[in-house]
Amino acid sequence: MVQKAKKRIWYWDILRIAAMVFLVVRHSATATFEFVPTLETDWWVCNVYGSLSAWMVPVFMMISGASFLDPARNVTIDRLYKRNIFRMLCAFFFWAVFYAVYNTFSGQELKEGFADMVFKGHFHLWFLPMIMGMYIITPLLRTVTKNRAATLAITAVTAVTGVIIPFLQDMGWFLDTTLITGKNNFGFFSAYVCFFFTGYLLHNIEIPPAVRRAVYITGIISTVVVFAGTYLLTVRDGAHNEDMQGDNNLFTALQGVAVFVFAKQRLRNTEFKEEHQKLILDISKLTFGVYMIHVVLLALLDKFGFSPLTYPAVYMIPMLILFVLPMSFFLSFLVGKIPLLGRYIV
(Lines give C-alpha, C1' and ligand atoms only; values in the text may rest on other atoms or scores of the structure.)
Protein backbone atom coordinates (compact mmCIF):
# COMPACT_ATOMS: atom_id res chain seq x y z
CA MET A 1 0.00 0.00 0.00
CA VAL A 2 2.76 2.44 0.91
CA GLN A 3 4.78 1.64 -2.20
CA LYS A 4 1.77 2.15 -4.43
CA ALA A 5 0.87 5.43 -2.72
CA LYS A 6 4.40 6.79 -3.21
CA LYS A 7 3.96 6.53 -6.96
CA ARG A 8 1.03 8.92 -6.91
CA ILE A 9 1.49 12.57 -7.72
CA TRP A 10 -0.24 13.97 -4.71
CA TYR A 11 -0.68 17.54 -5.87
CA TRP A 12 -3.00 16.22 -8.60
CA ASP A 13 -5.25 14.66 -5.96
CA ILE A 14 -5.19 17.81 -3.84
CA LEU A 15 -5.97 19.96 -6.88
CA ARG A 16 -8.84 17.64 -7.80
CA ILE A 17 -10.29 17.95 -4.30
CA ALA A 18 -9.88 21.74 -4.30
CA ALA A 19 -11.47 22.08 -7.74
CA MET A 20 -14.45 19.97 -6.66
CA VAL A 21 -14.90 22.06 -3.53
CA PHE A 22 -14.94 25.22 -5.63
CA LEU A 23 -17.34 23.62 -8.10
CA VAL A 24 -19.82 23.21 -5.25
CA VAL A 25 -19.07 26.77 -4.17
CA ARG A 26 -19.74 28.02 -7.69
CA HIS A 27 -23.02 26.18 -8.13
CA SER A 28 -24.17 27.20 -4.65
CA ALA A 29 -23.59 30.82 -5.55
CA THR A 30 -24.47 31.01 -9.24
CA ALA A 31 -27.39 28.59 -9.67
CA THR A 32 -29.67 31.57 -9.05
CA PHE A 33 -27.20 34.28 -10.16
CA GLU A 34 -29.17 35.30 -13.24
CA PHE A 35 -32.44 35.44 -11.27
CA VAL A 36 -31.42 37.73 -8.41
CA PRO A 37 -31.97 41.46 -9.01
CA THR A 38 -29.15 42.69 -11.23
CA LEU A 39 -26.45 44.84 -9.60
CA GLU A 40 -28.09 44.70 -6.19
CA THR A 41 -26.42 43.32 -3.05
CA ASP A 42 -27.24 39.65 -3.68
CA TRP A 43 -25.95 39.94 -7.24
CA TRP A 44 -22.62 41.33 -6.04
CA VAL A 45 -22.25 38.55 -3.47
CA CYS A 46 -22.91 35.92 -6.17
CA ASN A 47 -20.38 37.68 -8.40
CA VAL A 48 -17.70 37.43 -5.71
CA TYR A 49 -18.16 33.68 -5.27
CA GLY A 50 -18.48 33.06 -9.00
CA SER A 51 -15.31 35.00 -9.78
CA LEU A 52 -13.27 33.26 -7.08
CA SER A 53 -14.31 29.80 -8.29
CA ALA A 54 -14.26 30.25 -12.08
CA TRP A 55 -10.93 28.43 -12.51
CA MET A 56 -12.02 24.92 -11.56
CA VAL A 57 -12.95 23.42 -14.98
CA PRO A 58 -9.65 24.44 -16.65
CA VAL A 59 -7.83 22.89 -13.69
CA PHE A 60 -9.82 19.65 -13.98
CA MET A 61 -8.73 19.47 -17.63
CA MET A 62 -5.11 20.32 -16.80
CA ILE A 63 -4.96 17.49 -14.27
CA SER A 64 -6.30 15.05 -16.88
CA GLY A 65 -3.89 16.31 -19.52
CA ALA A 66 -0.90 16.05 -17.20
CA SER A 67 -1.91 12.49 -16.36
CA PHE A 68 -2.95 11.09 -19.74
CA LEU A 69 -0.58 12.85 -22.16
CA ASP A 70 2.74 11.95 -20.58
CA PRO A 71 4.40 9.41 -22.95
CA ALA A 72 6.24 7.92 -19.97
CA ARG A 73 2.98 6.90 -18.27
CA ASN A 74 1.32 3.59 -19.14
CA VAL A 75 -1.92 4.75 -20.76
CA THR A 76 -3.23 2.03 -23.07
CA ILE A 77 -6.21 2.11 -25.42
CA ASP A 78 -7.60 -0.87 -23.54
CA ARG A 79 -7.50 1.08 -20.26
CA LEU A 80 -8.99 4.21 -21.83
CA TYR A 81 -11.94 2.44 -23.42
CA LYS A 82 -12.70 -0.34 -20.94
CA ARG A 83 -12.04 1.63 -17.78
CA ASN A 84 -12.26 5.38 -18.27
CA ILE A 85 -14.72 5.80 -21.14
CA PHE A 86 -16.96 2.90 -20.10
CA ARG A 87 -17.22 4.28 -16.56
CA MET A 88 -18.06 7.76 -17.85
CA LEU A 89 -20.71 6.33 -20.17
CA CYS A 90 -22.33 4.34 -17.37
CA ALA A 91 -22.26 7.34 -15.05
CA PHE A 92 -23.72 9.68 -17.67
CA PHE A 93 -26.75 7.54 -18.44
CA PHE A 94 -27.42 6.60 -14.82
CA TRP A 95 -27.39 10.19 -13.63
CA ALA A 96 -29.16 11.48 -16.75
CA VAL A 97 -32.03 9.08 -15.95
CA PHE A 98 -31.85 10.00 -12.26
CA TYR A 99 -32.17 13.73 -12.95
CA ALA A 100 -34.83 13.18 -15.62
CA VAL A 101 -36.90 11.26 -13.06
CA TYR A 102 -36.29 13.96 -10.46
CA ASN A 103 -37.34 16.72 -12.87
CA THR A 104 -40.45 14.79 -13.90
CA PHE A 105 -41.71 14.35 -10.34
CA SER A 106 -40.42 17.58 -8.80
CA GLY A 107 -43.43 19.62 -9.86
CA GLN A 108 -41.45 22.01 -12.06
CA GLU A 109 -42.58 23.09 -15.50
CA LEU A 110 -40.79 20.86 -18.01
CA LYS A 111 -39.54 22.20 -21.33
CA GLU A 112 -38.43 18.81 -22.66
CA GLY A 113 -39.74 15.28 -22.74
CA PHE A 114 -38.28 12.49 -20.62
CA ALA A 115 -36.31 10.95 -23.50
CA ASP A 116 -34.78 14.32 -24.42
CA MET A 117 -33.75 14.92 -20.81
CA VAL A 118 -32.05 11.52 -20.70
CA PHE A 119 -30.31 11.93 -24.05
CA LYS A 120 -29.07 15.47 -23.36
CA GLY A 121 -28.37 14.93 -19.66
CA HIS A 122 -28.82 17.41 -16.83
CA PHE A 123 -27.08 20.76 -17.29
CA HIS A 124 -24.02 19.83 -15.21
CA LEU A 125 -23.47 16.50 -16.99
CA TRP A 126 -22.09 18.26 -20.10
CA PHE A 127 -18.61 17.55 -18.76
CA LEU A 128 -18.91 13.78 -19.26
CA PRO A 129 -19.45 13.68 -23.06
CA MET A 130 -16.69 16.26 -23.42
CA ILE A 131 -14.16 14.32 -21.35
CA MET A 132 -15.14 11.09 -23.11
CA GLY A 133 -14.34 12.80 -26.40
CA MET A 134 -10.97 13.83 -25.00
CA TYR A 135 -10.26 10.26 -23.88
CA ILE A 136 -11.21 8.92 -27.33
CA ILE A 137 -8.60 11.10 -29.04
CA THR A 138 -5.99 10.78 -26.26
CA PRO A 139 -3.97 8.11 -28.13
CA LEU A 140 -3.61 10.58 -31.01
CA LEU A 141 -2.78 13.46 -28.67
CA ARG A 142 -0.11 11.35 -26.94
CA THR A 143 1.77 11.07 -30.23
CA VAL A 144 1.98 14.87 -30.31
CA THR A 145 3.65 15.12 -26.90
CA LYS A 146 6.60 13.10 -28.16
CA ASN A 147 7.64 16.28 -29.98
CA ARG A 148 8.04 19.42 -27.87
CA ALA A 149 7.66 21.82 -30.82
CA ALA A 150 4.44 20.14 -31.96
CA THR A 151 3.10 20.22 -28.39
CA LEU A 152 3.78 23.94 -28.07
CA ALA A 153 2.28 24.59 -31.50
CA ILE A 154 -1.02 22.80 -30.88
CA THR A 155 -1.30 24.43 -27.45
CA ALA A 156 -0.84 27.88 -29.00
CA VAL A 157 -3.26 27.26 -31.87
CA THR A 158 -6.02 25.90 -29.65
CA ALA A 159 -5.47 28.76 -27.19
CA VAL A 160 -6.21 31.18 -30.01
CA THR A 161 -9.21 29.34 -31.46
CA GLY A 162 -10.74 28.12 -28.21
CA VAL A 163 -9.85 30.78 -25.63
CA ILE A 164 -8.63 34.10 -27.06
CA ILE A 165 -11.02 34.51 -30.00
CA PRO A 166 -14.13 33.55 -27.99
CA PHE A 167 -13.06 36.05 -25.31
CA LEU A 168 -12.68 38.80 -27.90
CA GLN A 169 -16.11 37.92 -29.27
CA ASP A 170 -17.68 38.08 -25.81
CA MET A 171 -16.19 41.54 -25.45
CA GLY A 172 -17.44 42.58 -28.89
CA TRP A 173 -13.90 43.16 -30.18
CA PHE A 174 -13.81 40.46 -32.85
CA LEU A 175 -16.09 39.66 -35.77
CA ASP A 176 -18.55 37.03 -34.59
CA THR A 177 -18.55 34.38 -37.31
CA THR A 178 -19.78 30.80 -37.38
CA LEU A 179 -16.37 29.52 -38.47
CA ILE A 180 -14.26 30.25 -35.42
CA THR A 181 -16.25 31.00 -32.31
CA GLY A 182 -16.60 29.80 -28.77
CA LYS A 183 -20.33 29.35 -29.43
CA ASN A 184 -19.86 26.37 -31.75
CA ASN A 185 -18.42 22.90 -31.26
CA PHE A 186 -15.01 23.73 -32.72
CA GLY A 187 -14.32 26.60 -30.35
CA PHE A 188 -15.80 24.69 -27.42
CA PHE A 189 -13.73 21.58 -28.09
CA SER A 190 -10.43 23.30 -28.88
CA ALA A 191 -10.49 25.14 -25.54
CA TYR A 192 -10.39 21.86 -23.68
CA VAL A 193 -7.68 20.47 -25.96
CA CYS A 194 -5.71 23.58 -25.01
CA PHE A 195 -6.21 22.96 -21.28
CA PHE A 196 -5.27 19.29 -21.75
CA PHE A 197 -1.91 20.20 -23.30
CA THR A 198 -1.39 23.10 -20.90
CA GLY A 199 -1.61 20.73 -17.94
CA TYR A 200 0.93 18.39 -19.54
CA LEU A 201 3.35 21.27 -20.21
CA LEU A 202 3.00 22.86 -16.78
CA HIS A 203 3.61 19.52 -15.09
CA ASN A 204 6.71 18.71 -17.13
CA ILE A 205 8.53 22.01 -17.42
CA GLU A 206 10.49 23.76 -14.68
CA ILE A 207 9.22 27.31 -14.27
CA PRO A 208 11.77 29.87 -12.99
CA PRO A 209 10.87 31.73 -9.76
CA ALA A 210 10.45 35.09 -11.52
CA VAL A 211 8.05 33.57 -14.04
CA ARG A 212 6.10 31.85 -11.25
CA ARG A 213 5.66 35.14 -9.46
CA ALA A 214 4.41 36.70 -12.69
CA VAL A 215 1.96 33.79 -13.11
CA TYR A 216 0.63 34.27 -9.56
CA ILE A 217 0.22 38.02 -10.03
CA THR A 218 -1.53 37.41 -13.35
CA GLY A 219 -3.86 34.95 -11.65
CA ILE A 220 -4.82 37.50 -8.98
CA ILE A 221 -5.32 40.23 -11.58
CA SER A 222 -7.39 37.82 -13.69
CA THR A 223 -9.72 37.18 -10.75
CA VAL A 224 -10.29 40.92 -10.42
CA VAL A 225 -10.85 41.19 -14.17
CA VAL A 226 -13.41 38.35 -14.11
CA PHE A 227 -15.26 40.11 -11.27
CA ALA A 228 -15.15 43.56 -12.86
CA GLY A 229 -15.80 42.18 -16.35
CA THR A 230 -18.99 40.47 -15.19
CA TYR A 231 -20.18 43.85 -13.96
CA LEU A 232 -19.13 45.72 -17.10
CA LEU A 233 -20.72 43.22 -19.50
CA THR A 234 -23.92 43.24 -17.44
CA VAL A 235 -24.04 47.05 -17.61
CA ARG A 236 -23.25 46.95 -21.34
CA ASP A 237 -26.06 44.50 -22.09
CA GLY A 238 -28.55 45.89 -19.61
CA ALA A 239 -29.07 42.31 -18.41
CA HIS A 240 -27.14 39.68 -16.52
CA ASN A 241 -24.04 38.53 -18.44
CA GLU A 242 -21.87 35.75 -17.01
CA ASP A 243 -19.53 35.29 -20.00
CA MET A 244 -16.46 36.40 -18.07
CA GLN A 245 -16.91 33.45 -15.72
CA GLY A 246 -17.16 30.94 -18.57
CA ASP A 247 -14.98 27.83 -18.49
CA ASN A 248 -13.00 28.86 -21.57
CA ASN A 249 -12.73 32.57 -20.86
CA LEU A 250 -9.16 33.90 -21.23
CA PHE A 251 -8.95 35.17 -17.66
CA THR A 252 -10.59 32.06 -16.23
CA ALA A 253 -7.84 30.08 -17.98
CA LEU A 254 -5.16 32.35 -16.50
CA GLN A 255 -6.66 31.79 -13.05
CA GLY A 256 -6.42 28.04 -13.66
CA VAL A 257 -2.78 28.25 -14.74
CA ALA A 258 -1.90 30.18 -11.58
CA VAL A 259 -3.68 27.67 -9.33
CA PHE A 260 -2.07 24.69 -11.08
CA VAL A 261 1.45 26.15 -10.93
CA PHE A 262 1.04 27.15 -7.28
CA ALA A 263 -0.11 23.67 -6.27
CA LYS A 264 2.70 22.01 -8.21
CA GLN A 265 5.35 24.25 -6.72
CA ARG A 266 4.12 24.02 -3.14
CA LEU A 267 3.15 20.36 -2.99
CA ARG A 268 5.11 18.26 -5.49
CA ASN A 269 8.00 17.58 -3.08
CA THR A 270 5.88 17.32 0.06
CA GLU A 271 6.29 14.05 1.93
CA PHE A 272 2.89 13.16 3.35
CA LYS A 273 2.54 10.75 6.23
CA GLU A 274 0.91 7.43 5.41
CA GLU A 275 -2.32 8.32 7.21
CA HIS A 276 -2.48 11.63 5.34
CA GLN A 277 -1.89 9.83 2.04
CA LYS A 278 -4.83 7.55 2.75
CA LEU A 279 -7.05 10.49 3.68
CA ILE A 280 -6.15 12.42 0.53
CA LEU A 281 -6.68 9.35 -1.64
CA ASP A 282 -10.03 8.51 -0.03
CA ILE A 283 -11.35 12.06 -0.45
CA SER A 284 -10.03 12.30 -4.01
CA LYS A 285 -11.90 9.13 -4.96
CA LEU A 286 -15.17 10.66 -3.74
CA THR A 287 -14.95 13.79 -5.90
CA PHE A 288 -16.55 12.21 -8.98
CA GLY A 289 -19.60 11.28 -6.91
CA VAL A 290 -19.75 14.77 -5.40
CA TYR A 291 -19.91 16.17 -8.93
CA MET A 292 -22.90 13.95 -9.70
CA ILE A 293 -24.80 14.40 -6.44
CA HIS A 294 -24.42 18.00 -5.30
CA VAL A 295 -26.81 19.46 -7.87
CA VAL A 296 -29.82 17.50 -6.63
CA LEU A 297 -29.11 18.65 -3.07
CA LEU A 298 -29.08 22.26 -4.23
CA ALA A 299 -32.29 21.67 -6.18
CA LEU A 300 -34.03 20.16 -3.15
CA LEU A 301 -32.92 23.03 -0.91
CA ASP A 302 -34.14 25.53 -3.49
CA LYS A 303 -37.48 23.72 -3.68
CA PHE A 304 -37.92 24.23 0.05
CA GLY A 305 -36.96 27.89 -0.16
CA PHE A 306 -33.31 27.76 0.84
CA SER A 307 -31.64 29.88 -1.85
CA PRO A 308 -30.33 33.42 -2.45
CA LEU A 309 -33.73 34.16 -4.00
CA THR A 310 -35.46 33.84 -0.65
CA TYR A 311 -32.76 34.77 1.87
CA PRO A 312 -29.87 37.28 1.66
CA ALA A 313 -26.99 35.75 -0.31
CA VAL A 314 -24.38 37.03 2.12
CA TYR A 315 -25.28 34.30 4.62
CA MET A 316 -27.41 31.95 2.47
CA ILE A 317 -24.54 30.97 0.16
CA PRO A 318 -22.12 30.01 2.99
CA MET A 319 -24.92 27.99 4.61
CA LEU A 320 -25.59 26.15 1.34
CA ILE A 321 -21.90 25.37 0.94
CA LEU A 322 -21.51 24.16 4.53
CA PHE A 323 -24.45 21.78 4.11
CA VAL A 324 -24.13 20.61 0.49
CA LEU A 325 -20.38 20.02 0.45
CA PRO A 326 -20.03 17.53 3.35
CA MET A 327 -23.40 15.91 2.52
CA SER A 328 -22.28 15.36 -1.08
CA PHE A 329 -19.09 13.66 0.06
CA PHE A 330 -21.06 11.51 2.50
CA LEU A 331 -23.62 10.46 -0.12
CA SER A 332 -20.83 9.80 -2.62
CA PHE A 333 -19.30 7.45 -0.07
CA LEU A 334 -22.63 5.65 0.47
CA VAL A 335 -23.44 5.32 -3.23
CA GLY A 336 -19.95 3.96 -3.85
CA LYS A 337 -20.75 1.10 -1.48
CA ILE A 338 -23.64 -0.16 -3.65
CA PRO A 339 -22.58 -3.61 -4.88
CA LEU A 340 -21.55 -3.77 -8.57
CA LEU A 341 -23.21 -0.46 -9.47
CA GLY A 342 -21.36 1.90 -7.14
CA ARG A 343 -17.96 1.65 -8.83
CA TYR A 344 -19.44 2.73 -12.18
CA ILE A 345 -21.55 5.72 -11.19
CA VAL A 346 -19.44 7.59 -8.61
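**View 1. Thr-32 sits buried in a loop.** Thr-32 is buried, because its relative accessible area is 8%. (Buried means under 20% relative accessible area, exposed means over 50%, and partly exposed lies in between, with a 1.4 Å probe and protein chains only.) Thr-32 belongs to the loop between α2 and α3. (Helices are DSSP runs of H or I with at least four residues, strands are E runs of at least two, and both are numbered from the N terminus.) Which residues does Thr-32 touch, not counting residues up to four places away in sequence? They are Asp-302, Ser-307, Pro-308 and Leu-309. (Contact means heavy atoms within 4.5 Å.) Thr-32 and Glu-242 are 210 residues apart along the chain, and 12 Å separates their C-alpha atoms.

**About the model.** This is a predicted model, in which local features need pLDDT of at least 70 and side-chain atom pairs count only at pLDDT 80 or more, while totals for chains, interfaces and linings use all residues. Residues are numbered from 1 along each chain as its sequence is written, and side-chain values use heavy atoms, with hydrogens and water left out.

**View 2. Leu-39 and Leu-340 each have a positive phi.** Leu-39 is not a glycine, yet its phi is about 65°. Leu-39 lies in the loop between α2 and α3. Its relative accessibility is 33%, so Leu-39 counts as partly exposed. Leu-340 is also a residue other than glycine, with a positive phi near 65°. Its loop runs between α13 and α14 (342–345). Is Leu-340 buried or exposed? Leu-340 is exposed, with a relative accessible area of 74%.

**View 3. Helix α2 packs against helix α3.** Helix α2 covers residues 10–30, and helix α3 covers residues 41–52. Their axes come within 9 Å and cross at roughly 155°. (Axes are lines fitted to C-alpha atoms, for helices over the stretch in contact, and angles run from 0 to 180 degrees between N-to-C directions.) α2 and α3 are therefore roughly antiparallel to each other. (Angles under 35 degrees are roughly parallel, over 145 roughly antiparallel, 65 to 115 roughly perpendicular, and the rest oblique.) The crossing of α2 past α3 is left-handed. (Left-handed means that the near helix is turned anticlockwise from the far one by less than a right angle; right-handed means clockwise.) From α2, the contact uses Phe-22, Val-25, Arg-26, Ala-29 and Thr-30. From α3, it uses Cys-46, Tyr-49, Gly-50 and Leu-52. By class, these residues are 6 nonpolar, 2 polar and 1 charged. (Ala, Val, Leu, Ile, Met, Phe, Trp, Tyr, Cys and Pro count as nonpolar; Asp, Glu, Lys and Arg as charged; the others, Gly among them, as polar.)

**View 4. α5 runs roughly antiparallel to α7.** The axes of α5 and α7 come within 10 Å. They cross at roughly 170°. Residues of α5 in the contact include Ile-77, Tyr-81, Met-88 and Phe-92. Residues of α7 in the contact include Leu-128, Met-132, Tyr-135 and Pro-139. How many charged residues does the contact of α5 with α7 have? It has no charged residues, with 15 nonpolar and 2 polar.

View 5. The crossing of α12 and α13 is right-handed. On α12, the contact residues include Ile-283, Leu-286, His-294 and Leu-301. On α13, they include Leu-320, Phe-329, Ser-332 and Val-335. The contact of α12 with α13 holds 15 nonpolar, 5 polar and no charged residues.

**View 6. Ile-283 is part of helix α12.** Ile-283 counts as partly exposed, because its relative accessibility is 27%. Not counting residues up to four places away in sequence, Ile-283 touches Ile-17 and Phe-329. Ile-283 and Ser-332 are 49 residues apart in sequence. Their C-alpha atoms are 10.0 Å apart in space.

**View 7. The largest nonpolar core has 75 residues.** (A nonpolar core is a set of buried Ala, Val, Leu, Ile, Met, Phe, Trp, Tyr and Cys residues joined through side-chain atoms within 4.5 Å.) Met-61, Trp-95, Phe-127, Leu-128, Phe-260 and Met-292 touch the most other members. Helices that each supply at least two residues of this core include α4 (56–68), α9 (185–204) and α11 (250–267). Which helix gives the largest share of this core? It is α12, with 11 residues. Phe-127 touches Val-57, Phe-60, Met-61 and Tyr-291, not counting residues up to four places away in sequence. A second, separate core has 10 residues, among them Ala-29, Val-45, Cys-46 and Ala-313.
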